[in-house]
Amino acid sequence: MTGVGLGASMVQSMPLFGKEITIEEALTPVDVALKKRMADVALNAARAKGATYADVRIGRYLNQVIATREKQVQNIANSESYGMGVRVVAFGSWGFAATNNLDNDSIARAAEMAVAIAKGNAKLLTEPVQLAPQQGFGEVTWKTPLEINAFEVPIPDKVELLLGVNNEALKGGAKYVNSNLFMVNEQKYFASTDGSYIDQDIQRIWPTFTVTGIDPAGGKFETRNALSSPMGMGFEYLTPKDSEKIKGGPVTMYKKRYDMLEDVREATAHVAEKLKAKPVDPGKYDLVLDPTHLFLTIHESVGHPTELDRVLGYEANYAGTSFLTLDKWESKQFNFGSKAVNVIADKTEPGSLGAVGYDDEGVKCGNWDIIKDGILVNYQTIRDQAHILGLKASQACCYADSWQSIQFQRMPNVSLAPGKIPLSAAEMVKNVEKGIYMFGRNSYSIDQQRYNFQFSAQLAYEIKDGQIGGMLKDASYQSNTQEFWNSCTQLCDQNDYRLGGTFADGKGQPGQVSAVSHGSATTRFNGVNVINTGRKLG
Amino acid sequence: MAILSKEEAQAILKKVLSYSKADSCELSLSGSDGGNIRYARNAVSTAGQISVMDLAVSATFGKKTGVATINEFDDASLQKVVKRAEELAMLAPENPEFMPLLGPQTFQESATYNAKTAAITPDTRAEMVGKSLQVSKAANLEAAGFLENSTRFNAIMNSKGLFAYNKGTDVSFSVTVRNQAGTGSGYIEQGFNELDKMDTLTLSKIAAAKATGSAAAKAIEPGKYTVILEPLAASDMLGNMFRGFDARSADEGRSFMSKKGGGTRLGEQLFSENVNIYSDPMNPEIPSATWTGDGLPVKRTQWVENGVVKNLAYSRYWAGQKGVEPVPFSRSIVLEGGTQSLEDLIKSTEKGILVTRFWYIRSVDPQTLLLTGLTRDGTFYIENGEIKFPVKNFRFNESPVIMLNNVEALGKPVRTGSGMIPPMKIRDFTFTSLSDAV
């Protein structure tokens, strides 16, 4: 693939794709007074055409990607996307239009187009839009707390880190290694007819690698991915710190500081071990799931089914609906999981991907219970859904992945509360007779109503009579969401709590991505069905 | 502005190239103009119109390459983007895999453009969705769907004199129809280059019939079954396999196409003898561009013949390493079949499962291409050549490679996504558990 092709495909795998700019330009935000003037042009034009509500998002989205394999850099790219989206309620219906031409005439035309689309949609309306009340905040700001702005770290330093990672893998005997660094900066300005003018500067970072080992004689290959997490942090995430490591188990685990060189050395040894690992005997096992793995199970089996738009049917043609129907919530006794299971939705946790000050419809962020002592108590909502649950305010779950995308309900951080009794992962393992200890995300699949799932891990270790044994291969667990969460018996304490997450959770038509974190401590699930996925080709 | 003619695109690219000071320069210009409408709970939820154009500049000094992109087209912006690509090239380390640019090439004229599709307006889309809603409302069912169309162009030019241009249109529609009790669900999706082929009324009726027909499904034991895969279900399995027809990953020992002891499985009998797969961008049912992003002409290529792997895709770099000609891949894939319809395949089945669609397919083991996923939106039990009753959805764990070794019969291919895929009868397909999802 040539430079253009590779560059384009790498950048397109990022949340946004836009024009290339220098770092110096990128780091200078657009003047806030100018943004306010532009926003007012749109709000006034929308109101003049009959909008009863309007909001404006002026977005400047910056990405940087560095991609390497073995001893070479495959791609370095900076990109920018800048423009405005206008959303209105008019004639009881939603309308939306976007433009990257930010002169006053174009802005006014976009606002007028949004009203015209709302008018067109109103003909097919069944129920007028009902917005939960929202106070205006005036002119306010919010920034991701950072120690080191990743966009200010010189490119050669980042290249040196990634090639250093590759070198460690090759030195350790890996045949192939890819390493990548993704950085995102969303400079978002929100204004609405409620009287809010909200300027936010959000940063995210994701370092990752894949180490591949080959056994040519046996015709086998194995990989191990990084156990890092994408974070809502700056480059400080890549500054190793002993106090942010958990050692003593079969794998070093990282909290809010990641040691990429150490992890790749371990990964290289793991790949060699994976090539010789014993196939799993299918059957029931007690699973001990590390947060590097469990986050995705939480995302798929708790995060998605509690999205209210899915519950109501708005995602029926794509992502699906949900088994957590309103009657289960209304009963106040739907037994989602065991009493040990407490799940919290949150948009404020420092370092998380979902942390912002305000959502994309100007609602201040907070946190709330979704599962309390095993019972379903709440969902994730935005302003036009709050009344359905009898809520007086939105839960601030509105997000759009670009100025040109329509904001809609997206998942906040959805995290499993750690146990209250002091317990380390090592202590948890000691009480397991027949189990498997899993780290890292691998294959994941779940049905469209979120009942039946199958997951596998980067690393699976046998646990026998309280001792961690050798590595197992071809181990996937299959379960039903409610059954699985009811088999949750024990959670490690706050000291073991870590965030996992994803940069690109997909939803909607046309598709949009969002970044979200899921925290947990190491957690035990009893008697889960494990299958062997090994096959032979002729 | 977003859709440029060949001459307009050529003029912009020539101008951009004139700003380049690099040893070599490659440009890619693309634009699209289109819209969409989304509906759920039998009412329109969102609608939009989007027009975008982007230019990517790849500048190279020696073997050091930098890439920059821009979406503004005044002279100052064009000069700036070239300069940025050149600055990035200076910062980049040498890329040992850099390939010298191709000179002028000859390309076949594609048939991807349709004027009627290009003329679709928001009103056309609303009318097409209106027909779909008529079906669901009349039958007291609930529809959620999405209709999208676009006109797009792509052009490339490089400092060695290569130029290529392509313009195309597409319109795609999908709808999920569910019964009010939430116990039955049906789905259909279809895409075409030509608007006239798109019939949202008939398609919605098929989805509605499935929603009604799949209600009150019975649970049957998971296990190995003969399955009849509708083309959509078959296509989703095979899409995951086609991506593995890559020579480099096979040579590197990390693909199901890798041979034990080294090398690839090119020339080996990997599938049943009745499996024949080719790609052809000039196939009138599934036209696509006749050139790749780096300017290689795309022609008809036989990938599998009577079950034997005849070709793997070689990038220009990897072809150079292996001393062979480059072989580009194409999205216009045809899996050849016979003349039998889906109904014929059902009639010839003593006992089996009819699968409308698969969902959430993910790779479990890249070594064997084992995939997992679930059936969705209409799964039925067949006995003595007839559909007897709807069954609950299954999770499967199966490899498309193993599946294509167990082919009982292939029906008549139909356009599915960007390919022509037949309905298939496959023996010993592995379902591993049941799902309560509807």
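Start in chain B by selecting strand S7 (residues 224-229) and strand S12 (residues 351-355): S7(B) and S12(B) pair in the parallel sense over 3 bridges. Two strands count as paired if DSSP finds at least two bridges between them. Helices (H or I, at least four residues) and strands (E, at least two) are DSSP runs, numbered from the N terminus.

A quick word on the ground rules: this is a predicted model, where local features need pLDDT of at least 70 and side-chain atom pairs count only at pLDDT 80 or more, while totals for chains, interfaces and linings use all residues. Residues are numbered from 1 along each chain as its sequence is written, and chains are lettered from A and ligands numbered from 1 in the order in which they are written.

Back to S12(B). How many residues of S12(B) are buried? It's 4 of 5, so to speak: the strand is mostly covered. Buried means that 20 or more other C-beta atoms lie within 10 Å of a residue's own; exposed means 12 or fewer, and partly exposed is in between, with C-beta atoms placed from the backbone.

Select Leu410(B), which sits in strand S18 (residues 407-410) of chain B. Is Leu410(B) buried or exposed? Leu410(B) counts as buried because it has 24 C-beta neighbours inside 10 Å. Leaving out residues up to four places away in sequence, Leu410(B) touches Asn274(B), Gly337(B), Gly338(B), Pro422(B) and Met424(B). Here a contact means that the C-beta atoms of two residues, placed from the backbone, lie within 7 Å.

Hop over to chain A and pick Glu330(A), in helix H9 (residues 326-330). With 11 other C-beta atoms within 10 Å, Glu330(A) is exposed. Draw a distance from its C-alpha atom to that of Leu376(A): they are 46 residues apart along the chain, and separated by 9.1 Å.

Zoom out to see chain A as a whole. There are 11 helices and 25 strands in it. Chain A has a radius of gyration of 24 Å, close to the 24 Å that the globule rule gives for 538 residues, so it is as compact as a globular protein of that length. (That radius is taken over C-alpha atoms, and the rule is 2.2 Å times the number of residues to the power 0.38.) Buried residues make up 59% of chain A's 538 residues.

Now show both chains: 63 residues of chain A are in contact with 83 residues of chain B. On the chain A side, the largest share, 6 residues, comes from strand S2 (residues 72-90).

Last stop: the largest nonpolar core, with 189 residues. A nonpolar core is a set of buried Ala, Val, Leu, Ile, Met, Phe, Trp, Tyr and Cys residues joined through C-beta atoms within 7 Å. Select Ile436(A), Met438(A) and Ala155(B), which are among those with the most contacts inside this core. Strand S19 (residues 452-464) of chain A gives the most to it, with 7 residues. Apart from this core lies another, of 71 residues, including Val363(A) and Phe146(B).
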